[in-house]
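Hi,

Here is the structure we talked about handing over. Please have a look at it, and then read on for what turned up.

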Amino acid sequence: AVVMLILDEQGNIVDANEAAGKFYGYDVSQLVSMRMQQIDQSNDDTVIGNIKDAFMRSSSRFVRKHQIADGTVKDVEAFSTPVDIAERPFLFTLIIDITETLEYQARWELSQHVFNHSLEGIMVTDAEKSIISVNPAFNVITGYKESEIIGQKPSMLSSGVHPPAFYKKMFEALDSEGVWRGEIWNKRKNGNVFPELLSISVVRDLDDQVSYYVAVFSDITQIKQSEEKLERLAHYDSLTELPNRVQFKLHLHHAVCRAERNKSSCALLFLDLDRFKVVNDSLGHIAGDELLVNVTKRLT
């Protein structure tokens, strides 16, 4: 039901319908003994100013904050029209509760802000897996403009690294669990293949039918490079690039196991550099490092 109020020029509520009483939480008899200044959260001068302004127009619209009986504040839209009743001017006002609408709008604006300013690439497809929306980060990461990607299939980003079985498992997980997370290799517009951390979620409607697929991903090229560098540092000497003690133990273990398995023998050759300390002490560690690098090159 529509909330209806009739106001005089001083802001007194002179009449109200049952829907108004129900909305504001008062009996209608209580409501008609109140002034709009008791409900409207603006200061008295603003309320009276709006009422006077409404009397000067054929119709007017205001978005206000009204307090109901339990103290809750509601966002409302007030539509007012001046009318004459018994040769006296009054304001006929319709009140529409827009609290949920404004909350939804605020959430929508927030989601759009996150979508547009996220550092992660975001791609949305319809149920048929056609791309319907991408964010600016998607363009930065992949090199594709929005106009080039809308309407296309995500497979155009495929790097060719993964076998069909990889994608089959991905969509099986989406069908059964509604989400898939993992690392995947995709291809930029310029042809460069890059690793990304990808999360895909299924959005379903009230009938549990697929409406959208939402994919969020980040370029992890630098992370992969750091991991490879750390992995190499863990197993290879940074100066000579020879396998270090960890790798030596692994190689030795494998060689011994292979010899035992084949009932054969293996040999371990130990090399030492005579008077290497003299080089370090007399010519400095830089010369010593250069000597190690050159010996390594000759041995390999």
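Let me start with one arginine. Arg188 sits in the loop that links strand E8 (179-187) to strand E9 (193-204). Please bear in mind throughout that this is a predicted model.

Is Arg188 buried or exposed? Its relative accessibility is 18%, and because buried means under 20%, Arg188 counts as buried. Its side chain has a polar partner: a polar contact of 2.8 Å joins it to the side chain of Asp219. Leaving out residues up to four places away in sequence, Arg188 touches Asp219 along with Ile141, Thr142, Tyr144, Phe194 and Thr221.

Cys266 is located between helix H9 (245-262) and helix H10 (276-283), and with a relative accessible area of 45% it is partly exposed. Beyond its neighbours within four places in sequence, Cys266 is in contact with Ala255, Val256 and Ala259. For Val256, the separation is 10 residues in sequence and 6.9 Å in space, C-alpha to C-alpha.

The largest pocket has a volume of about 1,000 Å³. It is lined by 24 residues, and the closest to its centre are Leu242, Pro243, Phe248, Leu269 and Leu271. H9 and helix H11 (285-299) each contribute at least two lining residues, with H9 giving the largest share, 5 residues. By class, this lining comprises 16 nonpolar, 5 polar and 3 charged residues.

The second largest pocket has a volume of about 410 Å³. Of its 21 lining residues, Met123, Pro154, Ser155, Met170 and Phe171 are the closest to the centre. Strand E6 (121-126), helix H7 (164-177), E8, E9 and strand E10 (210-219) are the elements that give two or more residues to this lining. Here the classes are 14 nonpolar, 4 polar and 3 charged.

H3 provides the largest share, 4 residues. The cavity lining has 9 nonpolar, 4 polar and 2 charged residues.

In soluble globular proteins, nonpolar side chains tend to be buried together. In this model the largest nonpolar core has 23 residues, and Leu5, Ile13, Tyr24, Leu31 and Ile95 have the most contacts inside it. Strand E1 (3-7), strand E2 (13-16), helix H1 (18-24), H3, E4 and E5 each supply at least two of its residues. Ile13 shows what such a position looks like: setting aside residues up to four places away in sequence, it touches Leu5, Ile6, Leu7, Leu31, Val32, Ser33, Met34, Arg35, Met36 and Ile39.

Best wishes

Note on methods
Residues numbered from 1 in each chain as written. Predicted model: local features only at pLDDT ≥ 70, side-chain atom pairs only at ≥ 80, totals over all residues. Heavy atoms only, no water. Nonpolar A, V, L, I, M, F, W, Y, C, P; charged D, E, K, R; others polar. Core = buried A, V, L, I, M, F, W, Y, C linked by side-chain atoms within 4.5 Å. Buried < 20%, exposed > 50% of the residue type's maximum accessible area, 1.4 Å probe, protein only. Contact = heavy atoms within 4.5 Å. Polar contact = N/O pair within 3.5 Å; in protein donor to acceptor, adjacent residues only side chain to side chain. 1 Å grid on protein atoms, 1.4 Å probe; cavity = no way out; pocket = protein on both sides within 12 Å on 5 of 7 lines; lining within 4 Å. Points joined across faces, edges and corners; volume = space filled by probe spheres on them.
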